[in-house]
Amino acid sequence: MNIKKNDKVKVLAGKDKGAEGTVIRSLPAKQRVVVEKVNMVTKAMHPTQANPQGGLTHVEAPIHVSNVALVCPKCNKATRVSVKRVDGKKIRVCKKCGADID
């Protein structure tokens, strides 16, 4: 997966197509990411000490990584990512403008 936590991404498919947000959590084993304010679902919560009222809450559900594209910080466009090695370290590179993302 070329998308990591705190990356800015754009949704390419699904009910939130066109939305942009930051990645809250990355789930590489399931190839999914949780994006801020995208794919909101209603979840029933039992009363707890932290939430004594309980009831319905809105939370972000994971979305498949193929349905999002990384937004390049330099050119501000949704782009694919290539990887190049510099001094033995992997660096993500924007395919459109060639700028380093990391």
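Colleague: Why is C94 called buried?

Modeller: This is a predicted model, and in it C94 has a relative accessibility of 3%. Buried means under 20%, so C94 counts as buried.

Colleague: How do you know that C94 is in no disulfide?

Modeller: The nearest cysteine sulfur belongs to C97 and is 3.6 Å away. A disulfide needs the two sulfur atoms within 2.5 Å, so C94 is in no disulfide.

Colleague: And what about C72, buried or exposed?

Modeller: Buried: the relative accessible area of C72 is 1%, and the cut-off is under 20%. C72 is in no disulfide either, with the sulfur of C75 the nearest one at 3.6 Å. By this rule the count is 0 disulfides.

Colleague: What makes T79 buried?

Modeller: Its relative accessibility is 6%, and under 20% is what the word requires, so T79 is buried. T79 sits in strand β8, residues 78–79. Beyond its neighbours within four places in sequence, T79 is in contact with residues including C72 and C94.

Colleague: Why is the pair between T79 and K95 called a polar contact?

Modeller: The side chain of T79 reaches the backbone nitrogen of K95 at 3.4 Å. The limit for a pair of N or O atoms is within 3.5 Å, so this one qualifies.

Colleague: How do you know that β3 and β6 pair?

Modeller: They share 2 bridges in the antiparallel sense, and pairing takes at least two, so they pair. There, R32 stands opposite H64 in β6.

How values were computed
Residues numbered from 1 in each chain as written. Predicted model: local features only at pLDDT ≥ 70, side-chain atom pairs only at ≥ 80, totals over all residues. Heavy atoms only, no water. Helix = DSSP H or I, 4+ residues; strand = E, 2+ residues; numbered from the N terminus. Buried < 20%, exposed > 50% of the residue type's maximum accessible area, 1.4 Å probe, protein only. Polar contact = N/O pair within 3.5 Å; in protein donor to acceptor, adjacent residues only side chain to side chain. Contact = heavy atoms within 4.5 Å.
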